[in-house]
Amino acid sequence: MNGKGLDRRTLLKAAVTLPLVLLRPLWLPELRAAEKNGAGAGARNRERLLLLIELHGGNDGLNTLIPYEEEAYYLARPQLAIPRDQVRQLTPQFGLHPALTPLMPFWESKELACLHGVGYPRPNRSHFRSIEIWETASDSEQVLDTGWLSCVFEQHPLPARFTAEGIVLGKGDVGPLSGGKARTIALHGPGQFLQQAGSVRPASLATSNPALAHILEVRREISQAASDLQGRIRQAPSLTSDFPANKIGKQLEVAAKLIAAQVPVAVIKVTQGSFDTHAGQSATHHRLLEELAQGLTAFRAAMEQLGAWKDVLVMTYSEFGRRVGENASHGTDHGTAAPHFFMGGRVKGGLYGVPPSLRDLQDGDLKHTLDYRAVYATVIEKWWGLPAVPLGTGRYPALDCLT
C-alpha cells in the first residue's frame with residue numbers, strides 16, 4: 001500500500017481512530033531550526049507557561065468584579081445583585097463576589113490583576129461566533145481559521161525540545177491553539193494519556209500521499225510524547241496541595257502535575273462551565289466561582305511548593321459577559337464586555353483599565369473599554385518577551401501589569 005487512491009474521507013476516518021488527539025500540521029523545518037538559532041527573540045522567556053482558563057458559556061462579569069458603590073447596579077438587579085456587606089472589597093468602589101474569597105490572598109500579595117471592561121467593537125452575542133472571535137483574535141466581522149496562539153508560534157517557533165506548544169485538559173476545544181503550526185495534545189489525565197498512547201505504535205509505512213504521511217507522523221509523535229511524559233511523570237515530585245474533587249479542580253491538579261514533571265510546553269488550557277446562567281443564576285454562579293477560587297488556591301500552593309509560581313501566568317477569558325439587567329427568570333442573558341483576571345508570581349496586582357459606565361449603555365449592554373487583544377498583546381510582549389504580533393487587523397498596546 002502506498003497511500004495513493006485514498007480519498008479524504010478514508011484519511012479522516014483513519015485519523016480519528018487514534019486513541020487520543022495530538023493535533024499538528026505537516027512538520028515544519030522552522031521548528032527544528034529554531035532550536036539551533038536560540039528560538040529567536042524573547043528566548044529567555046520561552047520557558048514561561050501560560051495557563052488559560054476558559055469560563056465557558058459567558059461569565060457574568062458584573063457579579064464577579066462588583067461595582068458595589070453604584071446604585072445603578074442594584075437598580076438593574078433587584079434579585080441578583082450581591083449585597084454590599086457580602087462583597088469582598090478590593091477598593092472603595094469594587095470588590096469580588098463572596099465565592100471568590102479564597103482569592104483575597106492573591107490580591108493582598110499583589111498577585112491578582114483585574115482588567116476592567118474587556119471586549120471588542122460591534123460585539124456578537126452568539127456563543128459560537130463570539131468564542132471564535134476571541135480564539136482567533138479577529139474583528140467582529142472578520143472570519144479567521146487559526147487560533148491567536150498558533151499565529152504566535154508560527155511567527156516565533158518554540159525550540160524543538162518542547163513536547164508540544166499546548167496541552168488542552170478536560171473537554172474544552174483547542175480554541176486559541178487551532179490551526180497553524182501548533183502541536184496540541186488533548187489530554188484528560190496523564191495516566192490516560194500514557195495508557196492510550198502506549199497502544200499507538202509508530203508505522204514504517206512508506207507513502208507518497210501527504211495526508212496519510214501526516215497521520216503516520218502524528219502516530220510517531222504520540223509515541224514519542226508518551227515516552228517523554230512517562231519518564232518525566234515518574235520522576236516528578238509529589239504534590240502536597242489538596243485539590244477540590246470537581247471538574248476544574250481535577251484539571252488544575254493535572255496541570256500542576258504536568259508542571260511538576262517539567263513537561264516542555266508553552267500553554268495549558270483548562271475549561272470551566274457552563275456560565276450560561278439564563279435562569280436561577282445565584283446558586284450556579286456562586287458554585288462555579290467558588291470551585292474556581294478553591295482550585296486556583298490549590299494550584300498556587302502547588303506552584304509555590306515547586307518554586308514555579310513566578311514562571312506561570314494564569315489568564316481567564318470567556319466569550320462575553322452578561323446583560324446589565326436581570327431577566328424574569330432570575331438570571332442574565334448574553335451580554336458584551338466583562339472583567340478578566342491575570343494571576344501569578346510576576347503579576348503587578350491591581351485594577352487596570354476604565355470601568356464601563358452603568359449609566360451609558362448600548363442596547364442595555366456595557367460598552368467595552370479594553371480591547372481583548374490588548375490582553376493577548378500583554379501575554380506576547382510582556383510575558384514571553386516577544387515582538388508585537390498583528391492581531392486581527394491591528395496592533396494593540398500591552399498592559400503594564402507584569403514584571
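Reply: The accessible surface of the chain comes to about 17,000 Å², and 51% of that belongs to carbon and sulfur atoms. Areas here come from the Shrake-Rupley method with a 1.4 Å probe. This is a predicted model, where local features need pLDDT of at least 70, side-chain atom pairs count only at pLDDT 80 or more, and totals for chains, interfaces and linings use all residues. Residues are numbered from 1 along each chain as its sequence is written, and side-chain values use heavy atoms, with hydrogens and water left out.

Me: What percentage of the residues in the chain is buried?
Reply: Of the 403 residues, 54% are buried, meaning under 20% relative accessible area with a 1.4 Å probe.

Me: How many helices and strands are there?
Reply: The chain has eleven helices and 13 strands. These are DSSP runs numbered from the N terminus: H or I of at least four residues for helices, E of at least two for strands.

Me: New topic. How many cavities of 30 Å³ or more are in the whole structure?
Reply: The search finds one. A cavity is a set of points on a 1 Å grid over the protein atoms alone where a 1.4 Å probe fits but cannot get out, and lining residues have an atom within 4 Å of a point. The largest cavity has a volume of about 50 Å³, counted as the space filled by probe spheres set on the points.

Me: Which element gives the largest share of its lining?
Reply: β11, with three residues. Both α10 and β11 (338–344) supply at least two. The lining includes L289, L292, P339, H340 and F341. By class, the lining of this cavity has six nonpolar, four polar and no charged residues.

Me: And what is the volume of the largest pocket?
Reply: About 650 Å³. A pocket is an open set with protein on both sides within 12 Å along at least five of seven lines. The largest pocket is lined by 27 residues, with K171, G172, T271, Q272 and G273 nearest its centre.

Me: Which helix gives the most to that pocket's lining?
Reply: α9, with five residues. The lining of the largest pocket has five nonpolar, twelve polar and ten charged residues.

Terms used. Ala, Val, Leu, Ile, Met, Phe, Trp, Tyr, Cys and Pro count as nonpolar, Asp, Glu, Lys and Arg as charged, and the others, Gly among them, as polar. Buried means under 20% relative accessible area, exposed over 50%, partly exposed in between (1.4 Å probe, protein chains only).
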